[in-house]
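Visitor: Please put the model up. I would like to go through some contacts and helix packing.

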Amino acid sequence: MSLLMCPVCRQSLNLVENSWRCEKGHHYDVAKQGYVNLHVVQHKHSKSPGDTPESVLARREFLQAGFYQPLQQAVVEILQQLKPQAILDIGCGEGYYTSAMQAHTQQCIGVDIAKTAVQRAAKLNAEVVWVVGTGATLPVQNHSIDICTSLFSPIPQDEIVRVLRDDGYLIVVTPAPKHLFDLREALFEQVNLHEPQKFVEQLDAQFELKQAHLVEAPLQLDQVALKNLIAMTPYAYKANLERRKGLEQAQQFTVTAAFQIYLFQKRKKPSM
């Protein structure tokens with residue numbers, strides 16, 4: 001059974017031959033790379049929204065080298081506990097985490113606003129339903145998802161509440177306070193600690209925090225990996241150019257990635 005929703009009329013979509021169709025007659029063809037574009041024109045704010053092709057490529061190369069595998073494994077372990085039937089990965093990017101999630105559920109959907117990212121993701125794993133779409137209107141039906149995940153991605157809270165089943169879960173991964181601290185010190189005059197706790201407060205009205213884990217990964221980076229790491233983060237355009245160029249001369253760089261993982265459960269609505 002399909003979980004996708006038509007972004008125009010919100011009816012369910014079904015795959016007929018090579019096209020997702022709803023009862024109202026809207027249809028969306030599966031691209032030859034294996035994804036479907038449900039990001040309709042009226043929802044777009046720019047011509048090619050989301051990450052740039054350069055940042056997508058840098059992230060793919062960095063992640064495929066295994067530097068963030070401890071995080072991928074930690075997320076998979078939560079899925080193994082919960083045994084979800086259906087997962088929606090919001091902001092799936094080029095699919096590194098989504099593809100690993102797919103082995104632990106019956107239906108896995110990865111959605112991202114950046115078409116170049118989804119095109120790359122679709123080559124990774126044909127079992128995932130890859131969608132170009134926006135968090136403003138998640139392209140899935142009401143109460144159809146067991147677990148939503150948002151890894152370093154926006155958290156469209158009301159939409160997540162809509163698509164999750166009543167006892168559904170939300171996994172949020174965000175930088176821990178000292179994530180990539182030494183790298184940021186090299187790039188910026190002033191470095192503030194990340195504040196992951198703000199997400200717990202932001203979500204509290206609709207989600208109860210069930211688990212919190214800190215995952216750390218010490219990284220030994222050569223010059224190529226260091227350049228990829230900078231290019232895949234917002235530091236690429238926020239950092240002082242001189243500092244960035246100076247740092248990118250380094251043959252070796254050591255830094256620790258620190259990830260805060262939160263597992264939330266959707267709060268039950270108070271009965272009247």
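Visitor: Which residues does Ser 2 touch, not counting residues up to four places away in sequence?
Guide: This is a predicted model, where local features need pLDDT of at least 70, side-chain atom pairs count only at pLDDT 80 or more, and totals for chains, interfaces and linings use all residues. Residues are numbered from 1 along each chain as its sequence is written, and side-chain values use heavy atoms, with hydrogens and water left out. Contact means heavy atoms within 4.5 Å. On that basis Ser 2 touches Leu 13, Asn 14, Trp 20 and Gln 141.

Visitor: Is Ser 2 buried or exposed?
Guide: Buried means under 20% relative accessible area, exposed over 50%, partly exposed in between (1.4 Å probe, protein chains only). Ser 2 has a relative accessible area of 13%, so Ser 2 is buried.

Visitor: Which backbone oxygen does the side chain of Ser 2 reach?
Guide: Ser 2 sits in the segment before strand E1 (14–16). Helices (H or I, at least four residues) and strands (E, at least two) are DSSP runs, numbered from the N terminus. A polar contact is a pair of N or O atoms within 3.5 Å; within protein, one must be able to donate a hydrogen and the other to accept it, and residues adjacent in sequence count only if both atoms are side-chain atoms. At 2.6 Å, the side chain of Ser 2 reaches the backbone oxygen of Leu 13.

Visitor: With which side chain does the side chain of Asp 89 make a polar contact?
Guide: Asp 89 is found in strand E5 (residues 86–90). Asp 89 is buried, at a relative accessible area of 2%. Beyond four places in sequence, Asp 89 touches residues including Met 101, Ile 109 and Leu 151. The polar contact, at 2.7 Å, is with the side chain of Thr 98.

Visitor: The backbone nitrogen of which residue lies 3.0 Å from a polar side-chain atom of His 179?
Guide: His 179 is in the loop between strand E9 (164–175) and helix H6 (181–187). His 179 counts as buried because its relative accessibility is 5%. Leaving aside neighbours within four places, its contacts include Tyr 68, His 194 and Phe 259. The backbone nitrogen at 3.0 Å belongs to Ala 258.

Visitor: At roughly what angle do H1 and H4 cross?
Guide: Axes are lines fitted to C-alpha atoms, for helices over the stretch in contact, and angles run from 0 to 180 degrees between N-to-C directions. The axes of H1 (residues 53–64) and H4 (residues 115–124) come within 9 Å. Among the residues making the contact are Val 56 and Arg 60 of H1 and Ala 117 and Arg 120 of H4. The crossing is at roughly 30°.

Visitor: How are H1 and H8 oriented to each other?
Guide: The axes of H1 and H8 (residues 223–231) come within 8 Å and cross at roughly 130°. Angles under 35 degrees count as roughly parallel, over 145 as roughly antiparallel, 65 to 115 as roughly perpendicular and the rest as oblique. H1 and H8 are therefore oblique.

Visitor: Which residues in H8 meet H1?
Guide: On the H1 side are Ser 55, Ala 58, Glu 61 and Phe 62. On the H8 side are Ala 225, Asn 228, Leu 229 and Ala 231.

Visitor: Which residue caps the N-terminal end of H8?
Guide: A side-chain oxygen lies 3.3 Å from the backbone nitrogen of Val 224. That oxygen belongs to Asp 222.
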